[in-house]
Amino acid sequence: LRVGRKEDCEIRIFDDKSVSREHAVLKIKVERGRESLVVVDLSKYGVSVNNTRIQKKSEVELSPGDTVLFGVYEQKFEIKRIERTGGARIGGSKRNESSNKKP
């Protein structure tokens, strides 16, 4: 799943200029028979997982309860559960803490 401002991204973030047109990718990775959800940073402003910025183009495995930040503003997405039923389904909720925006 592509995350960004671009119209054809599966997860669109409209109102944040710190989010690139194609900011990140969320994908299911299968390794040694085990599936996991990973995020890959493709952006200028970065992606943070649990308040730690990840390296550009690196894959970081996500777990239920992780918080992912796209860009520089406090627009966080929390991974609640990960299911695979014929296709990846990612359950999550957006928490917008716009009063805590960073410069």
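## Strands and one valine in a predicted model

Me: In this predicted model, in which sense do strand β1 and β2 pair?
Reply: Strand β1 covers residues 2-4. There are 2 bridges between β1 and β2. Their pairing sense is parallel.

Me: Which residue in β2 stands opposite valine 3?
Reply: In general, strands of a sheet pair through backbone hydrogen bonds, either parallel or antiparallel. Here, look across from valine 3 into β2. The residue standing opposite is isoleucine 11.

Me: Which are the edge strands of the open sheet of 5 strands?
Reply: The sheet has mixed pairing, and its order is β2-β1-β3-β4-β7. An edge strand here pairs on one side only. The edge strands are β2 (11-12) and β7 (59-62).

Me: Is valine 60 buried, partly exposed or exposed?
Reply: Valine 60 lies in strand β7. Its relative accessible area is 23%. Buried means under 20%, and exposed means over 50%. The value falls in between, so valine 60 is partly exposed.

Me: What distance separates the C-alpha atoms of valine 60 and valine 39?
Reply: Along the chain, these two valines are 21 residues apart. Val39 is also in contact with valine 60, as are Leu37, Val38, Val49 and Ile54, leaving aside neighbours within four places in sequence. The C-alpha separation is 5.4 Å.

Me: How many strands are there in the protein?
Reply: The protein has 0 helices. Read along the sequence, its pattern is β-β-β-β-β-β-β-β-β-β. The number of strands is 10.

Me: What percentage of the residues of the protein count as buried?
Reply: The protein has 103 residues. A residue is buried under 20% relative accessible area. The share that counts as buried is 35%.

Terms used. Residues numbered from 1 in each chain as written. Predicted model: local features only at pLDDT ≥ 70, side-chain atom pairs only at ≥ 80, totals over all residues. Heavy atoms only, no water. Helix = DSSP H or I, 4+ residues; strand = E, 2+ residues; numbered from the N terminus. Buried < 20%, exposed > 50% of the residue type's maximum accessible area, 1.4 Å probe, protein only. Pairing = 2+ DSSP bridges. Contact = heavy atoms within 4.5 Å.
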